[in-house]
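Keep the structure in view as you read.

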Amino acid sequence: LQVACPADALHPFKTSRQSGLLVDNETPSLDLPHIPWTHAPYCSESFTDTPGEKFCVFSSSAYNLHSGISILTDPETAAGLALQLNDLSLPWAARHHLSPRGEFRPDPDTDLPYTLIDIPGKGKGVVATRKINQFETIMKAYPAVIADNVFFPQEEGDSGQGNTRARKFFQKALEQLGDLDRIKKMARSRKGKVHLLEDVVRTNAFGMTINGRDCKGMYPEIARLNHACDPNAFPRFTSKDLAMTAVATRDILPGEEITISYIPLGMPSSYRAKSLGNWHFECSCGLCQAPKQALEASDSRREQIVELYVAMQDPSTTHDQLVEMTREFIELAQVERLITKIGEYYQVFMRLYYEKGDPQTAKKYGRAALKFAEIFGDPDGGFCAGLRKDLDVLERVIRESGES
Ligand SMILES: C[S@@+](CC[C@H](N)C(=O)[O-])C[C@H]1O[C@@H](n2cnc3c(N)ncnc32)[C@H](O)[C@@H]1O
């Protein structure tokens, strides 16, 4: 097979895509046949019951300063991800806190705002070593494992026996990682019952969608953040480099634990208890430990937010009522500190005001929604792109109506 163009120094692997290489176990052999993978893909067509459906393990032990990555997915999704792994513009400076072997070992010479310590009842956890300002990026991490949800068929509430069909895939994925040690040191919740990598991924990964497929992404540094129902940080995924960053949702004081929520924010306590049951731990966060009265007051505010949300959508709601409901809604969301959801809420307000024939107010909320979505969301993702388009439409409507 001929490679069409000479390798580009900055994008040495671009040619493999242009020449149409399919990155799976049948890839034709060149000197480096599986670039960017450092191992031949391990594939099976009989992994699922769908005829012809192929799943593989793709590994690069060189990725992320030799910390390594293993991806368990189909060849098409892997081919798309390969381009992101080869992006040499990855911000090396952002990785200054990783040791050469990629271990979580903060360098005392750098101005890291956190350290890893034992937290009673929670295993390890991350605490601030200096004041961290609201909206500051606390840490940035790259994935060690990305696995399609097809490898986790019996989701939570399962028998705890794990997926025996996928065992071989998990073993390959583990062996082919550059730095095995850091995986072995990570938290587990089903010891002994399932394959080590399956357990580590189930205990530590984020749900994400790649190439339209539901996956789990495991980011070892970010995974050290414990859960809180009223967290002070938010995990932000950026699709262009597959990175996950933790962003401060409010000012964090030295000595304070840095936490994220493992479940959707804004839910009442009964829902949270049920969802957290899936994580196999008893939550000891501030909100779960709050006195009964405070918990009930918080639940009541969260229920009011849902009721307002429904009432605002009612076509019979007048513009004046909408203004009053918006004010109440924002007040409640502020007391409940649901700042990372403000982007979503404001986007809804934008649509509602537009429908009520008030494009100026719609634009105000649209702009605010975009500001928050760019802080806590993926600036290259669909939500921000949709908002930018909506704002263009609003600008045009306002211009054409002669208002400014
Ligand atoms: C993603 S890990 C978080 C880091 C982990 N503590 C460690 O030592 O690496 C998830 C595990 O941490 C523990 N954990 C996280 N948040 C907790 C909380 N709020 N209360 C008690 N345990 C918690 C549970 O054991 C859970 O299975």
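**Nonpolar cores**

- In this predicted model, the largest nonpolar core has 59 residues. A nonpolar core is a set of buried Ala, Val, Leu, Ile, Met, Phe, Trp, Tyr and Cys residues joined through C-beta atoms within 7 Å.
- A residue is buried if 20 or more other C-beta atoms lie within 10 Å of its own, exposed if 12 or fewer, and partly exposed in between, with C-beta atoms placed from the backbone.
- Ile138, Ala233, Ala246 and Ile258 have the most contacts inside the largest core.
- Strand β12 (residues 243-248) gives the largest share of this core, 5 residues. Helices (H or I, at least four residues) and strands (E, at least two) are DSSP runs, numbered from the N terminus.
- A second, separate core has 15 residues, among them Leu322, Phe349, Ala369 and Ala373.

**Reading the model**

- Residues are numbered from 1 along each chain as its sequence is written.
- The model is predicted, so local features need pLDDT of at least 70 and side-chain atom pairs count only at pLDDT 80 or more, while totals for chains, interfaces and linings use all residues.

- Which residues does isoleucine 138 touch, leaving aside its neighbours within four places in sequence? They are Pro113, Tyr114, Ile132, Ala233, Ala246, Val247, Ala248 and Ile258. Two residues are in contact if their C-beta atoms, placed from the backbone, lie within 7 Å.
- Leucine 112 lies in the loop between α3 (75-85) and β4 (114-119).
- Leucine 112 has 15 other C-beta atoms within 10 Å, so leucine 112 is partly exposed.
- Leucine 112 and isoleucine 138 are 26 residues apart in sequence. In space they are 8.3 Å apart, C-alpha to C-alpha.

**Whole chain and domains**

- The protein chain has 12 helices and 13 strands.
- Of its 404 residues, 34% count as buried.
- Among contacts between residues at least 6 apart in sequence, 61% join residues at least 24 apart.
- The domain assignment gives domain 1 (1-280) and domain 2 (292-400). Such bounds come from an automatic or database domain assignment.
- The contact takes 15 residues from domain 1 and 17 residues from domain 2.
- On the side of domain 1 that touches domain 2, strand β11 (residues 233-238) gives the largest share, 4 residues.

**Strand pairing**

- β3 and β7 pair in the parallel sense over 3 bridges. Two strands pair if DSSP finds at least two bridges between them.
- Serine 70 stands opposite valine 145 in β7.
- β7 also pairs with strand β9 (residues 213-218), in the antiparallel sense over 4 bridges.
- Aspartate 148 stands opposite cysteine 215 in β9.

**Helix α4**

- The buried residues of helix α4 (residues 167-175) are Phe169, Phe170, Lys172, Ala173 and Leu174.
- These buried residues pack against β1 (42-44), β2 (55-60), β3 (69-73), β7 (145-148), α5 (180-184) and α6.

**Around the ligand**

- The ligand is surrounded by 21 residues, and the closest are Gly123, Lys124, Ala187, Asn226 and His227. A residue is near a molecule or strand if its C-beta atom, placed from the backbone, lies within 6 Å of it.
- β5 (123-128), α6 (196-204) and β10 (226-227) each supply at least two residues of this shell.
- The largest share of the shell, 3 residues, comes from β5.
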